Amino acid sequence: MAQRGCESMNLTFIERKTQLGPETRRYAEKKAAKLQKYFKDECEAALKVSFERGIYTVELTVVAGHVVLRAQEKSGDETAAIDVVIGVIERQIEKNKSRID
């Protein structure tokens, strides 16, 4: 049986006007690793976190082959925003399953 999922997801962090702590980075990496199972080929993801006026903006862009998925969330808590964008990307993957395969 063929194994589903890419071997590794290259996750790049982009920080604007904020510094992510090591715990937050590990949390984001753990959550993003859940997305690997949906892709056969190499996956790349960019997590952009910015902080302005007390609000975190988290933007996740996943590139797998010719498919680009993007989600954005604004929240007072960066980990809550990470959870939301991962959920949005998962729903986009389910919706576009035929294009990703």
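# Helices and sheet of a predicted model

What covers the buried residues of helix α1 includes β1, β2 and α2. Buried here means under 20% relative accessible area, exposed over 50%, and partly exposed in between, with a 1.4 Å probe and protein chains only. Helices (H or I, at least four residues) and strands (E, at least two) are DSSP runs, numbered from the N terminus. The model is predicted, so local features need pLDDT of at least 70 and side-chain atom pairs count only at pLDDT 80 or more, while totals for chains, interfaces and linings use all residues. Residues are numbered from 1 along each chain as its sequence is written, and side-chain values use heavy atoms, with hydrogens and water left out.

Helix α1 has 12 residues and reaches 16 Å from its first C-alpha to its last, close to the 16 Å expected at 1.5 Å a residue; the expected span is 1.5 Å times one less than the number of residues. Its buried residues are Thr24, Ala28 and Ala32. They lie on the same side of α1, because they cover an arc of only 65° around the axis, the arc being that of the directions from the helix axis to the C-beta atoms. An α-helix has 3.6 residues a turn, so residues three or four places apart point the same way. On the other side of α1, Glu23, Arg26 and Lys30 are exposed.

The sheet comes next. Its 4 strands form an open sheet in the order β1-β2-β3-β4, with mixed pairing; two strands pair if DSSP finds at least two bridges between them. β1 and β4 stand at the edges with a single partner strand each, so one side of each has no neighbour in the sheet. From one strand to the next the twist averages 15°. β3 and β4 pair in the antiparallel sense over 9 bridges, and Glu59 stands opposite Gln72 in β4.

Both helices meet this sheet. α1 packs on the sheet, touching β1 and β2, and its direction makes about 140° with that of β1. α2 packs on the sheet too, touching β2, β3 and β4, and its direction makes about 150° with that of β4. Contact means heavy atoms within 4.5 Å. Axes are lines fitted to C-alpha atoms, for helices over the stretch in contact, and angles run from 0 to 180 degrees between N-to-C directions.

Ile89 has a relative accessible area of 0%. Not counting residues up to four places away in sequence, Ile89 touches Leu35, Leu60, Val62, Leu69, Arg70 and Ala71. Ile89 and Leu35 are 54 residues apart in sequence, yet 8.3 Å apart in space, C-alpha to C-alpha.

The largest nonpolar core has 27 residues, and those with the most contacts inside it are Leu35, Phe39 and Leu60. Such a core is a set of buried Ala, Val, Leu, Ile, Met, Phe, Trp, Tyr and Cys residues joined through side-chain atoms within 4.5 Å. The largest share of this core, 6 residues, comes from α2.

Two loop residues remain. Lys17, in the loop between β1 and α1, has a positive phi near 60°. Arg53, in the loop between β2 and β3, has a positive phi near 55°.
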